[in-house]
Amino acid sequence: MLKERIEKYLKEQGNNIYIEEKEYAEKHQLMSEGDAFEVKDPDTRFTEAYIERGDKETEEVLGRETADFLNKSIEYFKRHINEFMYLESQWFEIIGVDAISFEVDDLFRTYDVMLGLKLPKKKEAAIRSYMERTLQGDSPTFDLMFNQQDGLWDLNFALDNIQGFREDLTIGNAYLLIYRYLFHLVETVEAEIKSM
């Protein structure tokens, strides 16, 4: 669960954390009053990430990228419509995500986010409710299907429908926006579990 994963992180890493974890730790009183938080620069969150570009049709790896790739505009994927990006990060462990893929939809030209989410199967209604309440736009849609084999929720949604989305985002800032959205999704779903 999110609380246990953040507590573990605080024990291992101390008070040098990012804003999402800081807000959560304060809200759930995971630190003593005298503890001082050092908030890390959000632009450094994914500097250690494993990044690949792949071909959407064949899933062939086109190249492994460094963190510098995160400084490119998300419009890169509109210019390279045949490509997708795959990113793994230690930070995804906190929110129960294995990895996040990112691409532009061939038909609708939206920026699509695809991931596996580790939440109990019985939480489908809570996940759907959160997505329906928080995604914006004329007709925001998402796909949510439980994968029995992996025990994960396969979740796809358009980044365009998340509050804070802008066309001029860098890839790194897009991933920060996705992370924050998923962090609040997991926090909300887990809070509903406890209130039952």
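Q: How many helices and strands does the secondary structure of the protein come to?

A: Helices (H or I, at least four residues) and strands (E, at least two) are DSSP runs, numbered from the N terminus. Here there are six helices and nine strands. Before we go on, note that this is a predicted model: local features need pLDDT of at least 70, side-chain atom pairs count only at pLDDT 80 or more, and totals for chains, interfaces and linings use all residues. Residues are numbered from 1 along each chain as its sequence is written, and side-chain values use heavy atoms, with hydrogens and water left out.

Q: What radius of gyration does the protein have, and what would a compact globule have?

A: The radius of gyration is taken over C-alpha atoms, and the globule rule is 2.2 Å times the number of residues to the power 0.38. For 196 residues the rule gives a value near 16 Å; the protein has 17 Å, which agrees. Its C-alpha atoms fill a box of roughly 50 × 35 × 35 Å along the principal axes.

Q: In what order do the strands of the sheet stand?

A: Strands of a sheet pair through backbone hydrogen bonds, either parallel or antiparallel. Two strands count as paired if DSSP finds at least two bridges between them. In this model seven strands form an open sheet, ordered 4-3-5-6-7-9-8, with antiparallel pairing. Strand 4 (61-65) and strand 8 (142-147) are at the edges; each has a single partner strand, so one side of each lacks a neighbour in the sheet. From one strand to the next, the twist averages 15 degrees.

Q: How many bridges join strand 3 to strand 5?

A: Six bridges join strand 3 (residues 50-55) to strand 5 (residues 83-88). One to look for pairs G54 with F84 in strand 5. Strand 5 then pairs with strand 6 over four bridges, also in the antiparallel sense. Across that pairing, Y86 stands opposite S101. Strand 6 (residues 97-104) is joined to strand 7 (residues 111-117) by six bridges. There, V104 has Y111 as its bridge partner.

Q: Is S101 buried or exposed?

A: Buried means under 20% relative accessible area, exposed over 50%, and partly exposed in between (1.4 Å probe, protein chains only). S101 has a relative accessible area of 14%, so it is buried. Contact means heavy atoms within 4.5 Å. Beyond neighbours within four places in sequence, S101 is in contact with residues including F84, D112 and Y175. Over the protein, buried residues make up 45% of the 196.

Q: Which residues have the most contacts inside the largest nonpolar core?

A: A nonpolar core is a set of buried Ala, Val, Leu, Ile, Met, Phe, Trp, Tyr and Cys residues joined through side-chain atoms within 4.5 Å. The largest one has 61 residues, and F46, M85, F102, L155, F157, L159 and L182 have the most contacts inside it. Helix 6 (residues 171-195) gives the most, with 13 residues. Domain 1 (1-40) and domain 2 (46-192) each supply at least three residues; these bounds come from an automatic or database domain assignment.

Q: Which strands does helix 5 lie across?

A: Axes are lines fitted to C-alpha atoms, for helices over the stretch in contact, and angles run from 0 to 180 degrees between N-to-C directions. Helix 5 (residues 124-134) lies across strand 8 and strand 9 (152-158), at about 165 degrees to strand 8.
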